[in-house]
Number of protein chains: 4
Amino acid sequence: MFLEVVRSESLSHLSFLVGDGGRAAVIDPRRDCGIYMDLARRAGARITCILETHRHEDFLTGSKELSLLTAASVYHGGKSEFRFGNPALEGDIFELGGIRLTVIETPGHTPESVSYALAETRFSDSPIAVFTGDTLHVGGTGRTDLFPGREHDAAGQLYDSIFNRLLPLGDHVVIYPAHYGAGSADNTSGRCFSTLGFERRYNNSLRPMNRDAFIASKAGERRPLPPFCSLMLRRNLEGPPIMNGMPQPQPYLPDDFTGAISPGLFVVDTRSPEAVCGSYIPGSLALPLDRISEFAGWFIPYDSPIGLVVESSSLVQSAVSRLVRVGFDAVQAYLVNSAYAWGVSGRSRGCIPATRISGGTHRRNVLILDVRTPGEYALGSPAGAVNLFLGDIPERIPEIPRDRGIVVWSGNDDRAVIAASVLRMNGVESVEIGLGTRESCVAPECVMATT
Amino acid sequence: MFLEVVRSESLSHLSFLVGDGGRAAVIDPRRDCGIYMDLARRAGARITCILETHRHEDFLTGSKELSLLTAASVYHGGKSEFRFGNPALEGDIFELGGIRLTVIETPGHTPESVSYALAETRFSDSPIAVFTGDTLHVGGTGRTDLFPGREHDAAGQLYDSIFNRLLPLGDHVVIYPAHYGAGSADNTSGRCFSTLGFERRYNNSLRPMNRDAFIASKAGERRPLPPFCSLMLRRNLEGPPIMNGMPQPQPYLPDDFTGAISPGLFVVDTRSPEAVCGSYIPGSLALPLDRISEFAGWFIPYDSPIGLVVESSSLVQSAVSRLVRVGFDAVQAYLVNSAYAWGVSGRSRGCIPATRISGGTHRRNVLILDVRTPGEYALGSPAGAVNLFLGDIPERIPEIPRDRGIVVWSGNDDRAVIAASVLRMNGVESVEIGLGTRESCVAPECVMATT
Amino acid sequence: MFLEVVRSESLSHLSFLVGDGGRAAVIDPRRDCGIYMDLARRAGARITCILETHRHEDFLTGSKELSLLTAASVYHGGKSEFRFGNPALEGDIFELGGIRLTVIETPGHTPESVSYALAETRFSDSPIAVFTGDTLHVGGTGRTDLFPGREHDAAGQLYDSIFNRLLPLGDHVVIYPAHYGAGSADNTSGRCFSTLGFERRYNNSLRPMNRDAFIASKAGERRPLPPFCSLMLRRNLEGPPIMNGMPQPQPYLPDDFTGAISPGLFVVDTRSPEAVCGSYIPGSLALPLDRISEFAGWFIPYDSPIGLVVESSSLVQSAVSRLVRVGFDAVQAYLVNSAYAWGVSGRSRGCIPATRISGGTHRRNVLILDVRTPGEYALGSPAGAVNLFLGDIPERIPEIPRDRGIVVWSGNDDRAVIAASVLRMNGVESVEIGLGTRESCVAPECVMATT
Amino acid sequence: MFLEVVRSESLSHLSFLVGDGGRAAVIDPRRDCGIYMDLARRAGARITCILETHRHEDFLTGSKELSLLTAASVYHGGKSEFRFGNPALEGDIFELGGIRLTVIETPGHTPESVSYALAETRFSDSPIAVFTGDTLHVGGTGRTDLFPGREHDAAGQLYDSIFNRLLPLGDHVVIYPAHYGAGSADNTSGRCFSTLGFERRYNNSLRPMNRDAFIASKAGERRPLPPFCSLMLRRNLEGPPIMNGMPQPQPYLPDDFTGAISPGLFVVDTRSPEAVCGSYIPGSLALPLDRISEFAGWFIPYDSPIGLVVESSSLVQSAVSRLVRVGFDAVQAYLVNSAYAWGVSGRSRGCIPATRISGGTHRRNVLILDVRTPGEYALGSPAGAVNLFLGDIPERIPEIPRDRGIVVWSGNDDRAVIAASVLRMNGVESVEIGLGTRESCVAPECVMATT
């Protein structure tokens with residue numbers, strides 16, 4: 001048998017190609033799905049089925065696209081009504097050469113979530129591994145707040161799925177979840193495998209607690225619920241639009257980039273934070289490459305044509321992939337030589353300075369914004385910083401004071417530079433990036449709402 | 001400015017990306033046209049126009065496909081009525097940054113053939129190079145027998161185009177033709193550039209001769225006119241079908257390859273001649289990779305689904321490219337591990353032995369077939385060999401004697417193994433490959449027709 | 001943390017790059033070790049230590065070469081006296097960012113074998129995985145017959161290592177062995193991971209048995225002990241020669257290949273079995289690419305310069321890698337266009353036919369040789385076949401009958417074509433490849449020795 | 001025949017692989033010479049000779065390194081005394097299959113400069129192309145000021161070589177020079193081919209003039225003569241040091257980068273100008289990737305170990321290549337995630353702002369430095385700018401005023417950011433990048449020397 005793990009960095013997403021004897025299944029494919037066909041060819045296997053663990057809320061599924069390319073059948077958990085594919089019900093079996101995938105219904109994260117137990121029958125009918133979707137992660141569990149009003153039911157279902165359906169498979173069973181990097185930002189592991197036994201012992205979310213305690217714990221989780229989740233959920237139910245090949249933005253020189261393109265072009269600058277800081281193109285949204293899928297849906301209108309600013313032309317398709325994964329297909333142009341050409345053309349450009357912030361010693365007349373999540377903020381923040389989550393900035397612009405400089409901080413440059421560009425796009429000109437490590441953080445003071 | 005030469009081996013075809021200042025033109029694109037977009041990106045240039053030198057008869061143009069991907073406009077010579085694109089007329093100019101392409105009408109090979117003179121205006125308005133299409137090759141000239149009955153007119157036009165339109169541009173002008181490897185097989189050069197002055201002096205086809213002598217010489221050329229030429233010409237006038245991405249054949253194990261696929265699957269074996277000889281899959285057509293575009297149209301029905309046998313999965317897309325270039329889009333499957341898997345599966349397979357042939361000493365009871373063109377045969381062939389051009393074999397099958405072994409010879413293994421497989425497909429079992437170099441050839445004796 | 005698995009097909013060997021926080025360890029590197037540096041760069045990690053699980057007997061270690069390139073320190077189990085590197089003793093700890101590798105002494109396969117337990121300390125000090133070297137495989141255990149006369153002691157040590165040192169780590173611990181594809185040829189899995197719990201339950205070698213039964217079972221294993229094992233073991237103790245970059249064989253045309261090169265050139269044909277069958281180059285040894293490392297040491301003199309025949313020039317370095325892994329560094333030349341050019345040049349070449357063999361019905365006057373191992377033969381073979389293990393052919397040549405045709409069979413073409421070429425090199429001309437699946441095998445009759 | 005052109009961007013250098021019939025010659029190889037072996041393999045040709053057109057002064061030759069890897073012989077013009085290789089004298093002939101390279105002595109740029117005329121003998125013994133080294137460029141001629149005191153002799157020789165040796169070959173002959181982008185910066189072409197006839201007509205340096213006028217014109221050329229030229233010339237005479245594989249710098253996190261490395265580490269920041277501007281690492285030299293070979297020799301001590309700051313790890317080897325080409329082999333480390341990690345680690349970093357400068361309207365209290373060459377400055381510069389060539393900054397530091405801000409301008413960001421970093425390294429803190437196109441330039445006012 002072979003098992004290939006496909007990591008999609010920008011989504012912290014894992015998908016899998018597993019097969020034997022000339023046939024393969026893909027589990028939870030992303031939308032730019034050429035990689036599965038390449039891997040299947042290298043393995044000499046034909047993709048004959050596509051298995052979804054659940055209806056994703058953070059990206060568009062590639063199952064419909066891949067199905068068209070391969071003629072493979074798609075299967076989803078049977079407890080939601082999909083407009084494409086087939087139901088995978090408890091106990092259903094998929095045989096591929098010498099391996100067998102068995103459906104285990106594990107609702108909670110979504111009502112129709114399923115897991116797939118993997119057995120290599122020449123060794124044993126008992127599973128060696130299980131694909132757990134967003135039911136059980138390495139060091140965490142799936143969120144249960146996707147459907148407002150049903151949080152408690154969902155958390156109870158998740159408890160039952162983990163403790164009564166998955167853990168009984170045995171400590172020795174390897175798990176492959178649909179995401180990596182669970183838990184808080186300070187507690188992530190790039191590891192994409194674990195075992196049921198290891199999680200039973202060391203996953204904080206599963207610490208010896210009864211059903212009620214588990215539900216209460218899940219209810220207390222505070223993570224932003226992006227506005228585009230409902231769109232993703234709806235499209236994944238219907239089947240996302242078919243792309244017929246990836247969008248192919250064309251290279252443009254500065255004059256053409258701003259002129260020849262339709263005036264509504266939304267400019268997304270995918271360069272590194274420091275490059276954006278050194279040469280900010282007025283009006284653009286900064287979205288460093290590895291943050292595109294995570295934040296595009298917060299800031300980019302879904303009906304705008306998109307123009308990219310890139311570090312180099314070799315990165316264009318990486319940026320495009322990260323955009324289509326979350327539903328932005330109208331990527332039409334990119335700026336050749338990016339900010340360099342921009343400056344050489346004599347156009348104005350901005351500079352976003354960086355400033356060190358440390359307990360009490362920084363300049364008085366600034367407001368420090370910690371743009372991380374409330375959950376991260378609660379664990380510590382630079383002295384004097386107030387919390388305004390990055391995704392909430394646009395609607396909170398009127399509250400931003402104009403009589404002081406703004407210093408945005410996120411513990412690294414990524415989210416800070418996004419925040420700085422969002423502020424600049426919205427007319428807040430005096431913005432700096434705050435330098436300073438998480439180690440220097442103190443107990444937080446307040447959230448922006450209270451200023 | 002930049003100038004990129006794209007060689008398409010299997011077609012002996014040349015196409016070009018030329019541009020400056022962020023814009024580029026593609027000249028005579030092939031149908032698998034992603035390469036032009038990749039090169040343009042690397043050059044930081046947007047493809048804004050697609051220029052055809054003429055209506056190709058040996059492959060399908062990629063201009064319509066590329067136009068859809070880039071929004072670039074297509075231009076053809078104005079003397080034929082195309083159903084897509086725009087006319088390029090004598091003196092029309094295309095400016096791309098600091099370069100200028102000027103249309104020169106050069107009919108002959110086809111009525112609407114044009115050449116494009118290239119000037120880099122910061123040096124001079126006078127051209128540094130000219131794209132000559134099939135009007136003037138390195139060491140040869142375009143064929144003038146595509147339209148039966150008009151050969152003399154066509155040859156006269158070609159003479160005028162070369163001697164009155166191209167050569168006057170000056171000896172110092174570089175030429176870039178649409179094909180390389182002109183002239184007879186023994187006289188080819190892989191060189192894809194030359195100058196008007198060099199060709200004026202050393203191209204045998206242009207040896208000091210007057211218009212009448214030139215016409216007579218062209219009339220005497222004897223090359224096979226493939227049956228699919230008229231199809232290519234017609235489709236190139238209409239605009240070839242749009243592919244929306246390349247065909248993606250799936251890997252199949254032997255059982256599925258022959259069973260699950262529609263029974264009409266036409267099997268094309270693209271492996272090396274020696275691999276086919278060692279393990280011939282009954283019923284398959286041998287077409288070594290670099291001969292696919294040249295011979296597919298002679299043997300494969302245009303309405304059959306195609307299954308490939310390949311050396312390794314990394315070569316599948318190369319084979320697919322070579323097939324779509326000449327209009328075969330229904331490539332559905334390929335055999336995993338090819339003949340190896342076939343043999344291991346216990347299926348029967350054949351062996352095509354090789355035998356040395358040299359003047360008079362070979363076994364008596366065989367018929368040696370020289371499967372090259374009549375033109376090549378006329379220059380010398382193994383002693384005792386008769387000529388039957390490869391492409392003519394299917395319709396001449398009844399004439400093949402069954403009381404003797406057949407030895408096919410082509411000076412190399414490529415065409416011989418194709419011929420051997422065509423004979424085997426048609427029930428002639430006793431076939432061997434003849435080994436022996438061209439050096440050992442003698443004056444030919446007869447063509448097959450007379451046996 | 002990150003964990004990259006490097007598969008070396010031709011050796012069925014696994015090596016690993018594991019790290020965190022900008023540092024990485026490599027476990028059991030192969031000799032062509034550029035891949036570890038590439039992976040480390042991609043992970044943004046510096047290789048700071050190189051850990052050997054044991055003194056390999058089937059390939060040369062890359063630890064010394066990699067150490068020179070990276071300045072990383074090498075560690076081996078402390079129970080053998082290496083002439084390079086440092087001892088890794090029970091309980092020694094290697095910390096790399098947030099991961100910890102702990103040495104567990106697990107003698108048996110070799111006296112100094114160690115395993116490395118991997119913990120990700122931000123989750124737990126308890127291990128999530130263990131690198132088991134050749135102590136415990138997926139579905140098997142390491143061989144214990146490397147040091148004649150010490151088989152029983154070695155098997156006893158192996159029992160203690162597995163049952164008393166590894167299994168107590170817990171069912172939930174993932175294992176990463178140094179080889180995949182353990183067990184008999186019919187029972188292999190390409191899987192390169194398992195857990196202690198899964199192996200405890202389903203690994204046939206660990207079936208509930210006491211120490212004595214385990215030792216008896218290991219003593220009964222019958223696998224060929226290649227003659228080059230002692231050389232590998234000795235060189236791995238001393239530290240293999242440093243290559244200073246991979247050998248770079250130059251392309252040669254047939255004339256130069258046989259002429260200009262030193263007359264002692266040993267020709268190795270790495271093409272597919274069917275290509276060798278279709279065009280066998282006299283005097284060459286057939287070694288299909290994926291069998292090179294396994295069989296080179298049986299047939300190639302260690303002091304000969306080597307010339308390659310390859311499918312295409314893109315495969316040259318793959319062949320070179322597979323040769324240097326087992327100590328053949330003098331790869332000087334390769335044949336351009338391989339057998340194709342050979343035939344075109346008019347040189348003689350042979351053909352190795354294939355013939356179907358099935359119970360009793362095949363031609364009488366042949367001897368069928370099953371060239372697999374005695375262990376495989378014992379499980380079933382074509383009717384009438386006698387066993388002569390491939391590696392033993394050279395020394396048994398005088399016993400091969402010349403009055404009958406020889407049909408070599410191995411259940412696939414790989415080993416059969418090697419055997420056929422070895423017979424041809426040694427003057428046995430009438431050789432055919434036997435086609436026929438394992439399914440048609442019957443109880444074996446005899447070994448070659450008895451004919 | 002085949003002819004491959006290898007462009008080395010950072011050197012504006014051209015080298016060539018040309019061959020036929022299984023053999024190839026390399027002309028003017030660069031030091032990172034793996035590319036020639038790769039191309040030769042793809043062409044199925046063995047490199048059998050290495051031909052130098054002259055002793056290069058701007059980079060180290062790769063001929064000695066390539067000779068060791070291939071066993072090919074090296075040839076130089078016979079008029080200088082090399083310590084390796086063989087003399088190529090007037091009329092010497094190199095035959096490779098069907099092509100012939102003939103030596104033409106063309107002194108001038110250096111005393112031993114030669115050109116190689118290329119004929120494809122199956123067409124004609126007359127050349128189709130000539131490799132002109134630094135004797136004749138596209139749109140320019142080689143410099144004649146390398147050997148002080150011999151400028152007039154050199155210019156006269158160059159005249160004779162071009163007018164009496166090259167041009168007589170005929171207008172139709174293609175030229176392939178050793179550099180592209182000749183002429184002033186505003187007049188460059190990326191074109192790497194031309195013909196003798198085109199240059200005779202349109203190359204400004206060859207405008208109808210007699211020998212004396214040509215000499216006078218060459219004497220008037222004013223280009224900086226880098227301090228490392230004499231070192232390059234000397235090493236190219238002796239044969240540069242052998243590398244035994246490219247340097248392989250290891251990735252380091254910030255702490256290790258500055259700490260664990262020897263304290264004398266010279267930090268070279270190869271990121272884009274805008275990234276350096278956004279996050280300048282104190283003490284580092286900015287050298288954007290494509291400017292490395294051109295400016296490294298002006299600023300980096302030849303005996304320092306080098307640490308790189310890179311945009312991404314995939315660009316490390318590109319930076320290394322550009323450094324070894326000009327003799328910097330001690331590249332030991334690179335900073336992982338570059339400036340990003342630097343900032344996250346809490347280290348201080350700077351910001352180099354950009355400011356628009358246009359005629360008279362900019363801020364009064366600044367000094368605008370035009371850091372281009374005197375030749376470029378003479379053709380126009382921003383109003384008020386004084387000229388201080390980039391390479392001269394270190395020795396002119398004491399003259400830089402400290403009471404005003406410094407704005408560095410070069411018409412693009414590349415040289416400006418290098419200049420800014422050199423000023424910062426030398427204690428001039430108040431530095432900005434001047435934005436503004438060449439189009440806005442006016443007649444220059446003065447050079448720095450006069451302030």
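## Aromatic pairs

Over all chains, this predicted model holds 56 aromatic pairs, a pair being two rings of Phe, Tyr or Trp (its six-membered ring) with centres within 6.5 Å, called stacked when the planes are under 30 degrees apart, edge-to-face over 60 and tilted for the rest. The rings of A:Phe198 and A:Tyr202 form a tilted pair, with centres 4.8 Å apart and planes at 50 degrees. Both residues lie in helix H4 (residues 196–202) of chain A, four residues apart, about one turn of the helix; helices are DSSP runs of H or I with at least four residues, strands are runs of E with at least two, and both are numbered from the N terminus. A:Phe198 is buried at 0% relative accessibility, where buried means under 20% relative accessible area, exposed over 50% and partly exposed in between (1.4 Å probe, protein chains only).

A:Phe228 and A:Trp298 have ring centres 6.4 Å apart and planes at 90 degrees, so this pair is edge-to-face. A:Phe228 lies in the loop between helix H5 (211–219) and helix H6 (229–238) of chain A, and A:Trp298 in helix H9 (residues 292–299) of chain A, so the pair ties together parts 70 residues apart in sequence. Both A:Phe228 and A:Trp298 are buried. Ring pairs also link A:Phe16, A:Phe131, A:Tyr176 and C:Phe193 into a cluster.

## Positive phi angles

A:Asp28, although not a glycine, has a positive phi near 55 degrees. A:Asp28 sits in the loop between strand E3 (23–27) and helix H1 (34–42) of chain A and is buried, at 2% relative accessibility.

B:Asn244, also not a glycine, has a positive phi of about 55 degrees. Its loop runs between helix H6 (229–238) and strand E15 (250–252) of chain B, and B:Asn244 is partly exposed, with a relative accessible area of 47%.

## Relation of chains B and D

Chain B can be laid on chain D with an RMSD of 0.0 Å by a turn of 180 degrees and a shift of 0.0 Å along the axis (least-squares superposition on C-alpha atoms of residues with pLDDT of at least 70 in both). That is the relation of a two-fold axis. Of the residues of chain B, B:His172 comes closest to the rotation axis, at 2.2 Å (C-alpha).

## Conventions

Residues are numbered from 1 along each chain as its sequence is written, and chains are lettered from A and ligands numbered from 1 in the order in which they are written. In this predicted model local features need pLDDT of at least 70 and side-chain atom pairs count only at pLDDT 80 or more, while totals for chains, interfaces and linings use all residues; side-chain values use heavy atoms, with hydrogens and water left out.
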